[in-house]
Amino acid sequence: MKHILSFLLILIISIVYKSVVVNINQHLVARSAIPIVDKTWENWNGAIKITPDAIFKPSTLEDLIYIVKLANTNNKTIRCIAQGHSVSLLSVTKHYLVVVTSLNRITIQEHPKYGWTVTAEAGTSFADLDEALRNHKPSLTLNSETVYNTFRVSGVLAVGAHGAKTTSGIMADQLISMKIVIGSGDVCEFSEEINKSEFVAAKVSLGLLGIIYSATFRVQPMYNLRMNDNYIPVNVWLNPQTIKNLLDSSDGIEIFYWPFNGFIQSDPKPLDPNRDLLWVKNWVKTDEVVSFTQQQIKQLREVQSQGLIHQYQIISSILQTPEATPNVTTSIWNAFVSAGNTSFVFQAPDAFHYISSEESIKFELIEFGFKIDPDYSNVADAFSFLIQTMYEFAAQGKFPLNYIAEFRIIKSSNALLSTTFDHDPKALYCQLDIEAALDTPSWKEFAETIAQRFFDKYRAKVHWGKGFEFLPNVIPYLSDVLSDQIKQFEKVREKYDPDKIFFENQALQNIFNYVLDS
Ligand SMILES: Cc1cc2nc3c(=O)[nH]c(=O)nc-3n(C[C@H](O)[C@H](O)[C@H](O)COP(=O)(O)OP(=O)(O)OC[C@H]3O[C@@H](n4cnc5c(N)ncnc54)[C@H](O)[C@@H]3O)c2cc1C
Ligand SMILES: *[C@@H]1O[C@H](CO)[C@@H](O)[C@H](O)[C@H]1NC(C)=O
Ligand SMILES: *[C@@H]1O[C@H](CO)[C@@H](O)[C@H](O)[C@H]1NC(C)=O
Ligand SMILES: *[C@@H]1O[C@H](CO)[C@@H](O)[C@H](O)[C@H]1NC(C)=O
Ligand SMILES: *[C@@H]1O[C@H](CO)[C@@H](O)[C@H](O)[C@H]1NC(C)=O
């Protein structure tokens, strides 16, 4: 009896607690919409720390509407954050920071025109989305995803992130529609059918149209991909024709360079680029059965995580003695490639996220997107330039690349602010990404050297979620390459956020002002 009474008491308390509404600022507010004040928010790599007026962690659409109305009442601005993996300053705000990770409901539906679709709230992680789709009957999957599965739907869409599947483009290209809470607090739906010229702005919005509430994607029946990993000498493989041939026979490719991997520890001088290998990964759709059970993949990811943490500790330990970089990166590489070339079959999402999303390891990152020449020559040139520049820095005692450089090739997008925006839907873009351990000396100088070359030669654009604000003259440069798209985007932005509630970001304001004042 006593037990039953205390059980009932706990039940009642928890029901009351859950439904509690409190009165602040004369509004009736659900608990999940109450602001947290005097709290510091930090992004994933700790490079950004802010203490805004208030941090909100909404869990419903009503919360979002309430927060936008509160911002209107109190003359405050809003920026959003999802998993916080962006290293650019897109989320920085003095006023209201809205953390969307508690918005994570998923609905799978059949659509008369698009077949199976999934609608996910903004803060849904791709790990959760993959599992919901995989466990659905029939089993389903997105068509391309970022490597990490910890990222959230709105974080990936807002910055124009992408996977490696060539014909799938950026992830926003899989969208059917999205819902955004705009400056007035109203909820607006964007889709190609409703208004195409607004949809191409909303697909990659950088948070400027309002708070993304949900997104609906086209999905595919689950399929398998054979993933091949081959290690091939740079000077044999890195030429336009080889790249084109591999791309033509693959669903996606990702080519990696691991620094100084041909370094011979017993014969350290001179550093010789001619011994280096590339790591050539490609994916091909297949009807073959998977190589591993889900349980085995889980174990594999755990082992990978331990390996990544260990590698990261070793690399971080030499930041003060950068000249040890070739010796250390070679040791890591040798252990890594000791198994030789491999080829395995995975279900699509397991092939997209081929490495564990180990969040405790922290990088500097930058990524460039540029249109590839019809003969692919600029892809080979760009990657060769990167490797060559790394060796030139080494000759001066500087070792800014201690982690990895890689490129993927994806088709263009009609999303105005995407790095891959193009009027030609068949155009291909190279997305080239460079990563070093956090606080690596000479990193910025290296990134600047590469950026200058890619800007001058290829009119490359930057990945909005990775570092770019530190590059010299990047504001006038981006306003120039994005000029037409920004003018179009601004018309839509102004319509949905005339009071600039969502437009506090300094870099974006500067880029837009440059375009609109000229
Ligand atoms: C280790 C690592 C690997 C990566 N791999 C890839 C990759 O394979 N491909 C790729 O393209 N990119 C990659 N990136 C970049 C990554 O995709 C982006 O940084 C992405 O934004 C991360 O998602 P997130 O949930 O952490 O977003 P956040 O960093 O949380 O959000 C990004 C921005 O989106 C906006 N935003 C977020 N939610 C909302 C919302 N609800 N409403 C309005 N605006 C919103 C905000 O302006 C915010 O600043 C990688 C980054 C890291 C650190
Ligand atoms: C709203 O805030 C802006 C800038 O923070 C300020 O310039 C403006 O005067 C404020 N408006 C009102 C009505 O308080
Ligand atoms: C790995 O694959 C490449 C290209 O297919 C081949 O040239 C190389 O010999 C292979 N390496 C090994 C160790 O089998
Ligand atoms: C190179 O790395 C190995 C470990 O892989 C280490 O034993 C050796 O001392 C290092 N040599 C130098 C010169 O740092
Ligand atoms: C679509 O949106 C654009 C930009 O906001 C607007 O100018 C146009 O009138 C809209 N078209 C329709 C059919 O509503």
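## Helix packing and domain contact in a predicted model

Helix α11 crosses helix α12 in a right-handed sense; a crossing is called right-handed if the near helix is turned clockwise from the far one by less than a right angle, and left-handed if anticlockwise. The contact (heavy atoms within 4.5 Å) draws on Asn378, Asp381, Ala382, Phe385, Leu386, Thr389, Met390 and Phe393 of α11, which meet Glu445, Phe446, Thr449, Ile450, Arg453, Phe454, Lys457 and Tyr458 of α12. Sorted by class, that makes nine nonpolar, three polar and four charged residues, where Ala, Val, Leu, Ile, Met, Phe, Trp, Tyr, Cys and Pro count as nonpolar, Asp, Glu, Lys and Arg as charged, and the others, Gly among them, as polar.

A word on the basis: this is a predicted model, in which local features need pLDDT of at least 70 and side-chain atom pairs count only at pLDDT 80 or more, while totals for chains, interfaces and linings use all residues. Residues are numbered from 1 along each chain as its sequence is written, and side-chain values use heavy atoms, with hydrogens and water left out.

Two packed helices are described by the angle between their axes and the distance between the axes. Here are two pairs; helices are DSSP runs (H or I, at least four residues) numbered from the N terminus, and axes are lines fitted to C-alpha atoms over the stretch in contact, with angles from 0 to 180 degrees between N-to-C directions.

| Helix pair | Angle | Axis distance |
|---|---|---|
| α11 (377-395) and α12 (443-458) | about 150° | 11 Å |
| α14 (483-496) and α15 (506-517) | about 100° | 10 Å |

The α14 angle therefore makes this helix roughly perpendicular (65 to 115 degrees) to α15. α11 and α12 are therefore roughly antiparallel (over 145 degrees). Ser483, Ile486, Lys487, Phe489, Glu490 and Arg493 of α14 touch Ile511, Phe512, Val515 and Leu516 of α15, a contact with six nonpolar, one polar and three charged residues.

Now to the domains. The assignment, automatic or from a database, gives domain 1 (1-29), domain 2 (106-221) and domain 3 (224-472). The C-alpha centres of domain 2 and domain 3 are 26 Å apart, and their contact takes 29 residues from domain 2 and 39 residues from domain 3. About 2,800 Å² is buried between them, 58% of it from carbon and sulfur atoms; this is the accessible area (1.4 Å probe) that two parts lose on being put together, summed over both.

Finally, the backbone. Most residues other than glycine have a negative phi, and most peptide bonds are trans. The bond from lysine 137 to proline 138 is cis, with omega near 0°, and leucine 206 has a positive phi near 55°.

Methods. Chains lettered and ligands numbered in written order. Parallel < 35°, antiparallel > 145°, perpendicular 65-115°, else oblique.
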